[in-house]
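Open the model in your viewer and keep the selection panel at hand.

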Amino acid sequence: MGREENRFGAAPSAAGYLYQARLALFLCIPHVNSGVEVEVSVERLDDVSFEKDGSPFELLQTKHHIDRVASLSDASPDIWKTLRVWAEASADDPSLPSRAKLVLVTTGEAPLGSAAALLRPRQAYEAGTKRNPKLAKEILTAVAETSENKSLRSAFTAFLALSDAMRSSLLSAVEVVDRQPLLTDLGVELEHALRLVAPAGKVALAREMLEGWWWPRICEVLMANPSDTIPVGALEAKLDDIRELLKRDALVADFEHAEPSDTEIAEYDGFRFVKQLHVIGLGGNRLRFAKRDYYRAFVQRSKWTREHVVLDEELEKFEQRLVEEWEPRFVAMCDSHPGSESNDSKLKQDAQEIYYWVETEARLPFRSITAKFLNVGSYHILANDLRIGWHRDFLSLCREESSDG
């Protein structure tokens, strides 16, 4: 699909919905540890809404533009479609503007002197300038009374249907927050907001962990009937968990329950750690479990190294401890079979005993983690490099085998 064709496709709409959900998470952060029980929702009372005791105190409309060229002129569809929503809501419930802040969050920009520019939050103005909802009302009323834009006629009608006093009340509650980050840039903003949660160098990981928790929760509340909310208290608890996990000495086992694909499982058939297991007569589910543990340990260790969570020397020392635990067992097995042929069934059985020890008992800690997948998988990584083995003659039997691992 060409660029121009894609402009009118589903991507902008999809990005808009994703923006709502990601923005909701970002806007929750200031409410964390506030001592007030706040709940957030998406597509429930508005694009995003914040509630206390079941009553909304902040309703947000979001306008996301992929190309960031939108201008919030006085006749902007973004302005008027938003005002229609809030004008109709205020007509149904005249108390709404007095008890809730109405916020338009947009990636577009309000031109100097426009009604939108006059409705920014108070803290957005430099010294000598300020909010002016009264002038904004005059500008918008004139547009609604004179514009010939038929596509916005229903919005103009809804706004003009309010009394003059109600229009004043409505616009006093409205805040326009323009020039906001795009969907893709919100990640940087989230990381900045989380800088006090995570140790140095781990902010990106904290964001990944938080968003990994957030997206399933958003899906759940969107699918609920009636639509549901997410307590900010749940977010506080998750941030506490992340803070503990990311302490300098703590490690996060992201792949402890990861499942390799059937294709990845099949690719391991040519690896030397698999050959080692074939040599001692192992197959079936135990062979599949071995491949799974190899996969989990390999991708976990790779991620830790890539993100500089662990140092190469730490992994080397861990592997050395694994080798030293294996070595006396292997030597004892070899000593008990000094003259046995390589295909001797008792030799294979005793080799299987060493591997059974790895499967069931070998559990050495790696910093803060003592995990089966990391121990067993790391043993397979060592076996793949022929640094350890199960069969007495593993070096001669497997040295010539190629490995991509």
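Helices (H or I, at least four residues) and strands (E, at least two) are DSSP runs, numbered from the N terminus. This is a predicted model: local features need pLDDT of at least 70, side-chain atom pairs count only at pLDDT 80 or more, and totals for chains, interfaces and linings use all residues. Residue numbers start from 1 along each chain as its sequence is written, and side-chain values use heavy atoms, with hydrogens and water left out.

**Stop 1: a helix pair**

Select residues 186-193, helix α8, and residues 203-223, helix α9. Their axes lie 9 Å apart, and the packing angle is about 110°. Axes are lines fitted to C-alpha atoms, for helices over the stretch in contact; angles run from 0 to 180 degrees between N-to-C directions. α8 and α9 are therefore roughly perpendicular to each other (65 to 115 degrees; under 35 is roughly parallel, over 145 roughly antiparallel, the rest oblique).

Now show side chains. From α8, G187, L190 and E191 meet V203, A204, R207 and E211 of α9 (contact means heavy atoms within 4.5 Å). This contact divides into 3 nonpolar, 1 polar and 3 charged residues. Ala, Val, Leu, Ile, Met, Phe, Trp, Tyr, Cys and Pro count as nonpolar, Asp, Glu, Lys and Arg as charged, and the others, Gly among them, as polar.

**Stop 2: the cavities**

On a 1 Å grid over the protein atoms alone, a cavity is a set of points where a 1.4 Å probe fits but cannot get out; a pocket is an open set with protein on both sides within 12 Å along at least five of seven lines; lining residues have an atom within 4 Å of a point. Points are joined across faces, edges and corners, and a volume is the space filled by probe spheres set on them.

The structure holds 2 cavities of 30 Å³ or more. Select its lining: I79, T82, L83, W86, L104, A115, A116, L119, L140, V174 and V176. Helix α3 supplies the largest share, 4 residues. The lining has 10 nonpolar residues, 1 polar and no charged.

Next, select L205, V252, D254, Q300, K303, W304, E307 and V309 around the second largest cavity. Its volume is about 40 Å³. Helix α13 (residues 284-306) gives the most to this lining, with 3 residues.

**Stop 3**

Of its 24 lining residues, L27, V103, P121, V177 and Q180 are the closest to the centre. α2 gives the most, with 4 residues.
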